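Subject: Handover of a structure and summary of findings

Dear colleague,

Please find below the structure that I am passing on to you.

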Amino acid sequence: MTVPEVLAELAALDNPRVREVNEKHGDDHGVNLTELRAVAKRLKTDHDLALELWATDDTAAKLLALLVCRPKAFDRAELDAMIRAARTPKVHDWLVNYVVKKNPHAEELRVAWLAHPDPAVAAAGWALTADRVVKKPAGLDLPGLLDDIEAHMKTAPDRLQWAMNTCLAQIGITHPEHRARAVDIGERLRVLADYPTSPGCTSPFAPTWIAEMVRRQGD
């Protein structure tokens with residue numbers, strides 16, 4: 001399919017009710033994600049098409065691009081530019097989780113982004129750090145990360161705060177030796193303590209999140 005054909009199909013899938021819900025979360029598209037994934041499944045991997053879709057200013061097209069691209073085909077400079085162009089939360093999240101984490105430059109980018117002055121870029125660094133806390137913690141300065149979280153999470157912008165909070169929770173969940181301090185930081189800062197949580201879902205408030213995951217591990 002050509003880019004105009006894909007854009008036309010995405011436009012046809014745009015649902016005003018879905019758009020209204022997404023806009024409450026900062027996402028400016030109205031395509032149901034299950035339907036978007038079905039389009040991606042039909043297109044299969046097509047990196048050239050993905051690059052063209054990413055170059056559009058259409059959020060649904062960018063999300064589709066992240067589903068049909070080849071994550072390992074991007075070089076470091078491309079991913080660095082892409083994270084700055086990921087202006088909506090869902091595009092930012094999918095870029096980090098579906099592409100950057102699978103790319104050989106992920107660790108270099110994690111380090112570079114972690115201390116970046118742009119909070120959206122720094123959020124990507126913290127998201128990658130949270131992933132490494134769980135999967136490959138060797139070499140990480142966990143006490144230093146907790147120091148940074150304790151000092152800056154309370155006043156961080158929303159996207160960065162969410163990523164730092166995730167890292168805090170993962171340290172507490174997966175590293176018992178740091179659990180008490182992680183819980184203490186969460187209790188004192190109260191970040192996301194009042195976040196609305198649907199029945200059956202775990203609160204993102206770090207002390208509650210840590211306690212629930214540790215309980216499940218025990219079960």
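Helices here are DSSP runs of H or I with at least four residues, and strands are runs of E with at least two, numbered from the N terminus. On that basis, the protein reads α-α-α-α-α-α-α-α-α-α-α-α-α along its sequence, a total of 13 helices and 0 strands. Please note that this is a predicted model.

Overall form

The C-alpha trace of the protein extends over about 55 × 40 × 35 Å along its principal axes. The radius of gyration is 19 Å, which agrees with the value near 17 Å that a compact globule of 219 residues would have. Of those 219 residues, 44% count as buried. Among contacts with a separation of 6 or more, 62% are made by residues 24 or more positions apart.

Surface and charge

Most residues other than glycine have a negative phi. Leu-192, at 17%, falls under the 20% limit, so Leu-192 counts as buried.

Aromatic pairs

The structure contains 2 aromatic pairs. In one of them, the ring centres of Trp-94 and Tyr-98 are 5.1 Å apart and the ring planes stand at 40°, so the pair is classed as tilted. Both residues belong to helix α7 (residues 89–99); because they are 4 residues apart there, about one helical turn separates them. Their accessibilities place them in separate classes: Trp-94 is buried, with a relative accessible area of 3%, whereas Tyr-98 counts as partly exposed at 25%.

Two further positions in helices

Val-6 is situated in helix α1 (residues 3–13). What is the relative accessible area of Val-6? The value is 2%, so Val-6 is buried. Apart from neighbours within four places in sequence, Val-6 is in contact with Met-1, Leu-49, Leu-53 and Leu-64. The C-alpha atom of Val-6 is separated by 8.9 Å from that of Val-39, 33 residues away along the chain.

Ala-77 belongs to helix α6 (residues 76–85). With a relative accessible area of 55%, Ala-77 is over the 50% limit and therefore exposed. Between the C-alpha atoms of Ala-77 and Trp-126, which are 49 residues apart along the chain, the separation is 19 Å.

With kind regards

Definitions and conventions
Residues numbered from 1 in each chain as written. Predicted model: local features only at pLDDT ≥ 70, side-chain atom pairs only at ≥ 80, totals over all residues. Heavy atoms only, no water. Rg over C-alpha atoms; globule rule 2.2 N^0.38 Å. Buried < 20%, exposed > 50% of the residue type's maximum accessible area, 1.4 Å probe, protein only. Contact = heavy atoms within 4.5 Å. Phe/Tyr/Trp six-rings, centres within 6.5 Å; stacked < 30°, edge-to-face > 60°.
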